[in-house]
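Work through the exercises below with the structure in view. Try each task before reading its solution.

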Amino acid sequence: MEEKLITCTVCPMGCRITVKGEGEKIVSVEGYTCPRGEQYARNEFVHPVRILTSTALVEGSASGPLVAVRSDKPLPKELLFDCMKEIHALHLTAPVHRKDVLIENILNTGVNIVATGEAL
């Protein structure tokens, strides 16, 4: 049986939650102070996801050589490094506008990488 200590990030309290289980079967969850914390810990134990933030290269921009980017939905944690490789392979040309989709359906996850900054 596996035991994970998870720090909840749902609210500023930062509860330290202990989850015990195996695979997708959870036996116990202890240390949370709200139902959202319990759900966060359960999800984090079974299949952790993260919003990915980074930068991408932009040519011809007066505002600098980089533009801020992020995933429009959480990505599986185990794919973050592969997604970063895809983002770093991007070579954009200005102008890039906020909310532009830069990579559609990255790694067949159904998640898009979008610009969160401007490169004009």
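The exercises go from the whole chain to single residues.

The model is predicted, so local features need pLDDT of at least 70 and side-chain atom pairs count only at pLDDT 80 or more, while totals for chains, interfaces and linings use all residues. Residues are numbered from 1 along each chain as its sequence is written, and side-chain values use heavy atoms, with hydrogens and water left out.

**Exercise 1. The whole chain**

Task: Find how many helices and strands the chain has, and in which pattern they follow.

Solution.
- Step 1. Helices (H or I, at least four residues) and strands (E, at least two) are DSSP runs, numbered from the N terminus.
- Step 2. The chain has two helices and ten strands.
- Step 3. Along the sequence the pattern is β-β-β-α-β-β-β-β-α-β-β-β.
- Step 4. The radius of gyration is 18 Å, well over the 14 Å of the globule rule for 120 residues, so the chain is more spread out than a compact globule. This radius is taken over C-alpha atoms, and the rule is 2.2 Å times the number of residues to the power 0.38.
- Step 5. The C-alpha trace spans about 55 × 30 × 15 Å along its principal axes.

**Exercise 2. Burial and contacts**

Task: State what percentage of the 120 residues counts as buried.

Solution.
- Step 1. Buried means under 20% relative accessible area, exposed over 50%, and partly exposed in between (1.4 Å probe, protein chains only).
- Step 2. Of the 120 residues, 38% count as buried.
- Step 3. A contact means heavy atoms within 4.5 Å. Among contacts with a separation of 6 or more, 45% are between residues 24 or more positions apart.

**Exercise 3. Strand S5 and its partners**

Task: Describe the two faces of S5 and say in which sense S5 pairs with S6 and with S8.

Solution.
- Step 1. In a regular strand the side chains alternate between the two faces of the sheet.
- Step 2. S5 covers residues 53-59; Ser54, Ala56 and Val58 make up its covered face, and Thr53, Thr55, Leu57 and Glu59 its uncovered one.
- Step 3. Two strands pair if DSSP finds at least two bridges between them.
- Step 4. S5 pairs with S6 (residues 66-71) in the antiparallel sense over five bridges. Ser54 has Val69 of S6 as its bridge partner.
- Step 5. These two strands form a hairpin with six residues between them, and Gly60 in the turn has a positive phi of about 80°.
- Step 6. With S8 (residues 91-93), S5 pairs in the parallel sense over three bridges. Here Leu57 is the bridge partner of His91.

**Exercise 4. Loop residues**

Task: Locate the cis peptide bond, then say where Asn105 and Asn108 lie and whether each is buried, partly exposed or exposed.

Solution.
- Step 1. The peptide bond from Ala94 to Pro95 is cis, with omega near 5°. Pro95 is in the loop between S8 and S9 (101-103).
- Step 2. Asn105 is in the loop between S9 and S10 (113-115). Its phi is positive, about 55°, although Asn105 is not a glycine.
- Step 3. Asn105 has a relative accessible area of 31% and is therefore partly exposed.
- Step 4. Leaving aside residues up to four places away in sequence, Asn105 touches Gly110, Val111 and Asn112.
- Step 5. Asn108 lies in the loop between S9 and S10, and its phi is near 55°, again a positive value in a residue other than glycine.
- Step 6. Asn108 counts as exposed because its relative accessibility is 70%.
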